[in-house]
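Here is a short note for a colleague who is opening this structure for the first time. Please read the points with the model on screen.

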Amino acid sequence: MTTTESKALEAQAAGPVSGPGAAAQRLELKWDEFELAVQMGLVRTVEATGARIRVEQQELDRLGAAPDFPNGLRERVRAVGTAEAAQLLSVSSDRFTWLARTGHVSPVRFYLNRYNTVVWLYLAGELREFVEAHAELLTARMGREARDRRIAGEDRRPRNWRARRLGLLLRGTDDPWERAAAIASLLDPVQLAEVVGDPYERSFLLRLRPPLPTGLPDGASAREIADRLMVADDPDEILWHRMSLALALDEARALQSAPRPAARSPRPAAPPPPAPRPVAGAAGRARESVRPPASPRKLLTRLRLRRPRTGPRPPEVGR
């Protein structure tokens, strides 16, 4: 029995459960807030037959009984943009952008606006913790190394977001193949083929690939931007994920092999052609293959009948 099947049986025996949409309404969260709360482990879920996740009634009761519900839960998943984040840190927007681009603060989500520009979002709670832990970075002058990075156009926000998202995905599942698929989703097809040589394993990993973040607009250009942000592009980052994927695959293979197509049964042999109808005796075979020649009198009669008439028939001469 696989990990997913065992979790489904546990969910069936646990009692009443609610789907994601109903659970989000019960917790008074928007869908993106509920999704983030699940990824962060603030809302515990179970897997059930016929759906990706379910929330048990006792979990909804536990969250609803908190003294600060629902504002406390909503505040823990509140994500803010650059302008509001700068206000929380009491710095300028340029200063906060520098802190984010150099990796001092990590985004938790992103979306594309109507101009297909990437807008990064940050957890408000983490920003308040950053103020307490790194107050000197809010007022100190930018160091030489940081200035050089800024001049070079270095931006660590996509890499930090990928690392954060991978950590949330790995936390949300115990299935080794799903964990390997989460790591594989950060590698481009060429890198993935070099690490996973078996085409059936690659197909299985792609089938378990985690979905794209919600809220992305439709369109080829938006999908291209999202795909680019999803894939590792730094050499050190690529090497790290390649090594992590190789280790995750060893663990997954030890538990269960990737599914392969069932062996086809051999095609039945074609029936032999029908035997020719036997002819009795050698004389019979001779009669079947050779027809006797016509007599001379019959041949002469045929020639006379076929001979064209070119003139009047001569008068009969009496004997």
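Which side chain forms a polar contact of 2.9 Å with that of Arg157?

1. **Arg157.** The partner is Asp155: a polar contact of 2.9 Å joins the two side chains. A polar contact here is a pair of N or O atoms within 3.5 Å; within protein, one must be able to donate a hydrogen and the other to accept it, and residues adjacent in sequence count only if both atoms are side-chain atoms. Arg157 sits in helix 10. Its relative accessible area is 13%, so Arg157 is buried. (Buried means under 20% relative accessible area, exposed over 50%, partly exposed in between, with a 1.4 Å probe and protein chains only.) Leaving aside residues up to four places away in sequence, Arg157 touches Thr97, Ala100, Arg101, Pro107, Trp120 and Tyr122. Contact means heavy atoms within 4.5 Å.

2. **Basis of the model.** The model is predicted: local features need pLDDT of at least 70, side-chain atom pairs count only at pLDDT 80 or more, and totals for chains, interfaces and linings use all residues. Residues are numbered from 1 along each chain as its sequence is written, and side-chain values use heavy atoms, with hydrogens and water left out.

3. Three strands form an open sheet in the order 4-6-5, with antiparallel pairing. Strand 4 (79-80) and strand 5 (109-112) are the edges; each has a single partner strand, so one side of each lacks a neighbour in the sheet. Strand 5 is joined to strand 6 (residues 118-123) by 4 bridges. Two strands pair if DSSP finds at least two bridges between them. Helices (H or I, at least four residues) and strands (E, at least two) are DSSP runs, numbered from the N terminus.

4. **The helix across the sheet.** Helix 10 (residues 157-171) lies across strand 5 and strand 6. Its angle to strand 6 is about 55°. Axes are lines fitted to C-alpha atoms, for helices over the stretch in contact, and angles run from 0 to 180 degrees between N-to-C directions.

5. **Aromatic pairs.** The whole structure holds 6 aromatic pairs. The ring centres of Phe96 and Tyr122 are 4.9 Å apart and the planes stand at 90°, so this pair is edge-to-face. Phe96 is in helix 7 and Tyr122 in strand 6, 26 residues apart. Phe96 is buried at 0%, and Tyr122 is buried at 1%. Phe110 and Trp161 are also edge-to-face, because their centres are 5.0 Å apart and their planes at 85°. Phe110 belongs to strand 5 and Trp161 to helix 10, so the pair ties together parts 51 residues apart in sequence. (Rings of Phe, Tyr and Trp, the last by its six-membered ring, pair if their centres lie within 6.5 Å; planes under 30 degrees apart count as stacked, over 60 as edge-to-face and the rest as tilted.)

6. **A ring cluster.** Phe110, Trp120 and Trp161 are linked into a cluster by ring pairs. Phe110 stands opposite Trp120 in strand 6. Phe110 is buried at 4%, and Trp161 is buried at 3%.

7. **Backbone points to check.** Most residues other than glycine have a negative phi, and most peptide bonds are trans. Phe69 and Pro70 are joined by a cis peptide bond, with omega about 0°. Pro70 lies in the loop between helix 4 (57-64) and helix 5 (71-76). Ser90 has a positive phi, near 60°, and is exposed at 67%. Asn116 also has a positive phi, near 60°. Asn116 lies in the loop between strand 5 and strand 6 and is partly exposed at 24%.
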